[in-house]
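Let's take a walk through this protein together. Have the sequence and the 3D view open, and follow along from the overall fold to the individual side chains.

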Amino acid sequence: AARLPRHMPFFAVEFGLSGGFAHVIENERDFPKSFGMDIVAGILKISSEIVKRQRSSIAEERQLAEAFTESFKPYDWTAAIQ
C-alpha cells in the first residue's frame, strides 16, 4: 500500500473495505474547494454542476429540519421508549 508523506495536507476518500483514493495537496492556496464534490460527481457519473449548486441558508435548513422532525413524529419509535 502506498503511503502519504508525513505532515502534508491531503484529501482522502475510502470505499469501505475495498480501498480508496488519496491526493496530496501540494499547494493549499491553489487547491480547488470543489475538489471533493468533483470526485463524488465523477464517481456517480453526473455533472459536477449538480453537486455544486447553491445551498440553502442555515435558517432555511433549520426550518426544513424542524418540518421533517414534526412530520416524522408518527413514525418515531424512540418516543415509546423514553
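What follows goes from the whole chain to its aromatic rings, its surface and a few backbone details.

Please keep in mind as you look that this is a predicted model. The protein chain has three helices and two strands, and from the N terminus on these elements run β-β-α-α-α. The radius of gyration is 19 Å, well over the 12 Å that the globule rule gives for 82 residues, so the chain is more spread out than a compact globule. Along the principal axes, the C-alpha atoms fill a box of roughly 50 × 30 × 30 Å. Among the contacts with a separation of 6 or more, 12% are made by residues 24 or more positions apart. The accessible surface of the chain comes to about 7,700 Å², and carbon and sulfur atoms account for 56% of that surface.

Now for the aromatic rings. Searching the whole structure turns up five aromatic pairs. Phe11 has a relative accessible area of 22% and is partly exposed, whereas Phe35, at 15%, is buried. Phe35 also pairs with Phe31: the ring centres are 4.8 Å apart and the planes stand at 45°, so this pair is tilted. If you highlight Phe11, Phe21, Phe31 and Phe35, you will see the members of one aromatic cluster.

Which residues make the nonpolar surface patch of about 580 Å²? They are Phe15, Phe21, Val40, Ile43, Leu44, Ile46 and Ile50. Helix H1, spanning residues 35-44, gives the most to this patch, with three residues. Ile50, another member of the patch, sits in helix H2 (residues 48-52). With a relative accessibility of 43%, Ile50 counts as partly exposed.

Next, follow the backbone out of H1. The helix is followed by Lys45, which lies in the loop between H1 and H2. Lys45 is not a glycine, yet its phi is positive, about 55°. Its relative accessible area is 76%, so Lys45 is exposed. A positive phi also turns up at His7, where the value is near 60°. His7 belongs to the segment before S1 and, at 81% relative accessibility, counts as exposed.

To finish, turn to the charged side chains. How many salt bridges are there? The count comes to one, formed by the side chains of Lys73 and Glu70, with 3.2 Å from N to O. Glu70 is partly exposed, having a relative accessible area of 49%.

Notes:
Residues are numbered from 1 along each chain as its sequence is written. This is a predicted model: local features need pLDDT of at least 70, side-chain atom pairs count only at pLDDT 80 or more; totals for chains, interfaces and linings use all residues. Side-chain values use heavy atoms; hydrogens and water are left out. Patches are made of residues with over 30% relative accessible area and no salt bridge: like charges are joined within 9 Å, nonpolar side chains (Val, Leu, Ile, Met, Phe, Trp, Tyr) within 5 Å. Accessible areas come from the Shrake-Rupley method with a 1.4 Å probe; for residues, only the protein chains shown count as cover. A salt bridge is a side-chain nitrogen of Lys or Arg within 4 Å of a carboxyl oxygen of Asp or Glu. Helices (H or I, at least four residues) and strands (E, at least two) are DSSP runs, numbered from the N terminus. Buried means under 20% relative accessible area, exposed over 50%, partly exposed in between (1.4 Å probe, protein chains only). Rings of Phe, Tyr and Trp (its six-membered ring) pair if their centres lie within 6.5 Å; planes under 30 degrees apart count as stacked, over 60 as edge-to-face and the rest as tilted. The radius of gyration is taken over C-alpha atoms; the globule rule is 2.2 Å times the number of residues to the power 0.38. Contact means heavy atoms within 4.5 Å.
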